[in-house]
Amino acid sequence: MGKIIILDEKTANKIAAGEVVERPSSVVKELVENSLDAGATFICVEIRDGGISMIKATDNGSGIAHDDVELAFERHATSKIKNEKDLNCISTLGFRGEALASIAAVSKVQLVTRQPNDASGCLIEIEGGKVVNFHETGCPSGTTITIRDLFYNTPARYKFLKSNSTEAGYVMEMLTKIALGRPDVSFKFINSGKTVFHTPGNNDLISCIFSIYGKEFVNNLIPVSYKNAFAEIKGAVGTPEFSKKNRNYQNFYINTRYIRSKLVAEALEKAYETMLMKHRFPAAILYININPSLVDVNVHPAKLEVRFSNEQEVFRTVYDAVNSAFVSIAANHTFIHNSDDICNNTSDNTSNITPSDNSIATFNENSFGTPQNQFINSADNAKPVNSTIKEDKSNINDVINEQQTLYYESTFSQYNNLNNYIIGGEVFSTYIILYNDSEMLLLDQHAAHERIIYENIKIKYEHGEPMSQYLMSPEILELDMFQYQCAQNQKHFLERLGFNFENFGNNSIVIRAVPAEISNAGIAIQAFKDAVDMLIKEDKIDEDKTKDTLFTIACKAAVKANQKLKSEEIKSLIEQLLKLEKPFTCPHGRPIAIRFGKYEIERKIKRIV
Ligand code: ADP
Ligand code: MG
């Protein structure tokens, strides 16, 4: 007997639901796109319990005719295309006629709708795909659809949902992407009874950005307006100062459709290449208008990805658009676009980008009145180095043979003792010169200090030792709604890192304590923001994320390049480095020092041939 059966329609619907209806945010996307296709100028989305117990979308669009209401929930029922031919010139967001059927198959749906010219509207209720109620009703014109108990009849799917707050975060993100794409439509988002954002819908991009990302982005915004024979690009990008630790602030639209595109992101980031440090990403809202026949939108079930017929041309156009935006504001703007001035692949030397003295940590000053920076204090109790570095000896010769650039580890392993070196001084206020009879080292003060701090806070974190120091006066920090939500979700983790904070209303928090390793309050606040930006979207913090966050803090806390050190500070730095249990592996694989052998120098200078 054969094992194969033909699935009934209800089952088939549930399978299809898996494609477009994955979680509350995907439901919201479909509902809002339907509202936009219906010409709505106001759309309100309200959720409870991350959208799992309720999603309600209200619009002032065209409504649905009585005769069509039941049909709208049939599979492959759509008003948007009639035949295959129409697929080549899609101007609506939806066209598959699957969303409502898929949603209704896995939840309890109520839809209330009225067309503006009809005297009355109608109400329909569907549970698990079956109509349980359908009658005429009085209601405002437009459509209100309420989804309850998502996946109540599909436990396998329910199981994959994350925590309510994480799901709410996904909904918020999805909605902001759509809202930023349509500044001409007013969007309101309510989460558990609280209004999270409300865009004005006055067709002004800047006020739309303001209501979503807040004033910091608006104050750091560069308008983009560019056209060539291939495409037109409009929108805005953030200045390098408004760069982020993640790509969440990048929004791309093709012919008003929000898309994810690695290609567009790469072109954007290429334009910033000389202005941003590694692991920092520009913010952008870019509307790309292109002949629809050059883009295939029908490659992804949720239509989030597109295929371009000419990828190179898209890359070039985006790159040129962003570059020309920089050029057009360069004359009266302060940020620098010069690859010589700004280090791209060295570590976080922000001083070229924000040349402001008070934003840079000073070694001896401590804004909290607590003990001074740890590596200065510990100059007296440096351990003998021999015991700590022996184990690295095994691979020294490999390194020496393979490359001229030697890592700190091998060099010091070879000599085992700082006393073999003489501190020759410091160049460019950035590199410490050490030398002995046979070689010279250039040690990067920032990289070395970063390593020291990283190791120290990592040990404390792992042992659960307190890391906090209280601020003399608490700092109030205004966050955007993404950062605010993340700070709430990750409060426990952030506290373990040494940050102590409470809500202060309106997406702001009051910070009372910061990690003790950071000796400057301003820098500590920046470190907090960077840490939060890194954790946005994270559900659970794994080992790698913990490491990255600790590293972010260390990087902010470390002495910067271009910062003159006193000789006792230099000595202390080196002794501290050698005291570490594992001083020789830079977390990001960058050398802490480079070596110039005496022999090599003499050959170059032609003393030896
Ligand atoms: P699609 O959007 O691909 O056509 P859906 O299942 O999302 O398929 O919607 C089915 C149909 O229901 C739409 O084609 C549209 O005619 C109607 N519809 C859905 N939501 C709305 C709404 N908010 N306002 C007006 N009509 C709607
Ligand atoms: Mg649709």
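**Close-up 1. Contacts of Ile 254 in the predicted model.** Leaving aside neighbours within four places in sequence, Ile 254 is in contact with Ile 259, Ile 288, Ile 290, Val 295, Val 306 and Phe 308. Ile 254 belongs to strand β11, which covers residues 250–254, and has a relative accessible area of 4%, so this residue counts as buried, the cut-off being under 20%. Leu 286, although 32 residues apart from Ile 254 in sequence, is 8.6 Å apart from Ile 254 in space, C-alpha to C-alpha.

**Close-up 2. Helix α6 against helix α16.** The axes of α6 (residues 164–181) and α16 (residues 481–489) come within 11 Å and cross at roughly 175 degrees; because this angle is over 145 degrees, α6 is roughly antiparallel to α16. On the α6 side the contact involves Ser 165, Ala 168, Gly 169, Met 172, Glu 173 and Thr 176, which meet Met 481, Phe 482, Gln 485 and Asn 489 of α16. Sorted by class, the residues of this contact are four nonpolar, five polar and one charged.

**Close-up 3. Helix α15 crossing helix α20.** Here the axes of α15 (residues 445–463) and α20 (residues 567–579) come within 10 Å and cross at roughly 45 degrees, which means that α15 is oblique to α20. The crossing of these two helices is left-handed. From α15, the contact is made by Gln 445, Ala 448, His 449, Arg 451, Ile 452 and Asn 456, and from α20 by Leu 573, Gln 576 and Leu 577; the residues of the contact of α15 with α20 divide by class into four nonpolar, four polar and one charged.

Notes:
Residues are numbered from 1 along each chain as its sequence is written. Chains are lettered from A and ligands numbered from 1 in the order in which they are written. This is a predicted model: local features need pLDDT of at least 70, side-chain atom pairs count only at pLDDT 80 or more; totals for chains, interfaces and linings use all residues. Side-chain values use heavy atoms; hydrogens and water are left out. Axes are lines fitted to C-alpha atoms, for helices over the stretch in contact, and angles run from 0 to 180 degrees between N-to-C directions. Helices (H or I, at least four residues) and strands (E, at least two) are DSSP runs, numbered from the N terminus. Angles under 35 degrees count as roughly parallel, over 145 as roughly antiparallel, 65 to 115 as roughly perpendicular and the rest as oblique. Contact means heavy atoms within 4.5 Å. Ala, Val, Leu, Ile, Met, Phe, Trp, Tyr, Cys and Pro count as nonpolar, Asp, Glu, Lys and Arg as charged, and the others, Gly among them, as polar. A crossing is left-handed if the near helix is turned anticlockwise from the far one by less than a right angle, and right-handed if clockwise. Buried means under 20% relative accessible area, exposed over 50%, partly exposed in between (1.4 Å probe, protein chains only).
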